[in-house]
Amino acid sequence: MELKVKHPLSKKEIKEIAREMAEVFGEEIAVRMVSKKDRVDVAEFDKTTEILLVNGKPFFIRRKGLVFPLVIALYELSNEEDLRKWPRRVVVDAGAVPFVLKGADVMAAGITDTDENIKEGDFVFVVEEDYGRPLAIGIALMNGKAMKEKPKGKAVKNIHHAKDRIWELTVG
């Protein structure tokens, strides 16, 4: 399967994505992701998911109107940044890593740290605790504080992870 570009986004749409990323991650991080000068193209992955390419590189996933960086984009940013300190992070222990990489939802028992400002329903990203490498993105099933304090239960619905079909398609 190959990504087929459907159309470019307008400057207005790009500006809106940059604004959304600034709201989620802060202005300093958002400018490293996308600026209004970038060319952003839309490629369809499936009926509900689009991949947004920034200057030809897969960078964002758009699903049901929500936009969030792809795991590969976060991985590249993690070469320069410690994602374990970023907003919307969910940090897991080494025991959780193989399960998350196979697509399992993130269980509260495996979480060692979170952004306490996470609300249920937020897009979040999952990183491993030793090196801060991203493993997955997902939807929070509970708030950030509960993720750290609850001893059990599903905390994050895994929607895209390293080594899945989107990863294989975008790592190239």
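## A buried threonine, an open sheet and a pocket

Threonine 114 counts as buried in this predicted model, because its relative accessibility is 1%, where buried means under 20%. This threonine belongs to strand S8, which covers residues 111-114. If we set aside neighbours within four places in sequence, the contacts of threonine 114 are Arg89, Val90, Gly144, Lys145, Met147 and Lys148.

Let's step out from that residue to the sheet. Six strands form an open sheet with mixed pairing, in the order S7-S11-S10-S9-S6-S8. Strands S7 (106-107) and S8 are at the edges and have a single partner strand each, so one side of each has no neighbour in the sheet. Elsewhere in the order, S10 and S11 pair in the antiparallel sense, with five bridges between them. Alanine 140 is found opposite valine 156 of S11.

| Strand | Residues |
|---|---|
| S7 | 106-107 |
| S8 | 111-114 |
| S10 | 134-140 |
| S11 | 154-161 |

Now for the largest pocket, which holds about 180 Å³ of space. Its lining includes Arg19, Glu20, Met21, Glu23 and Val24, together with Leu66, Val67 and Phe68. Arg88, Gly121, Asp122 and Phe123 also line this pocket. Two elements, helix H1 (11-25) and strand S5 (66-69), each give two or more residues to the lining. Which of the elements gives the largest share of the lining? That is H1, with five residues. Sorted by class, the lining has six nonpolar, five charged and one polar residue.

How values were computed:
Residues numbered from 1 in each chain as written. Predicted model: local features only at pLDDT ≥ 70, side-chain atom pairs only at ≥ 80, totals over all residues. Heavy atoms only, no water. Helix = DSSP H or I, 4+ residues; strand = E, 2+ residues; numbered from the N terminus. Buried < 20%, exposed > 50% of the residue type's maximum accessible area, 1.4 Å probe, protein only. Contact = heavy atoms within 4.5 Å. Pairing = 2+ DSSP bridges. 1 Å grid on protein atoms, 1.4 Å probe; cavity = no way out; pocket = protein on both sides within 12 Å on 5 of 7 lines; lining within 4 Å. Points joined across faces, edges and corners; volume = space filled by probe spheres on them. Nonpolar A, V, L, I, M, F, W, Y, C, P; charged D, E, K, R; others polar.
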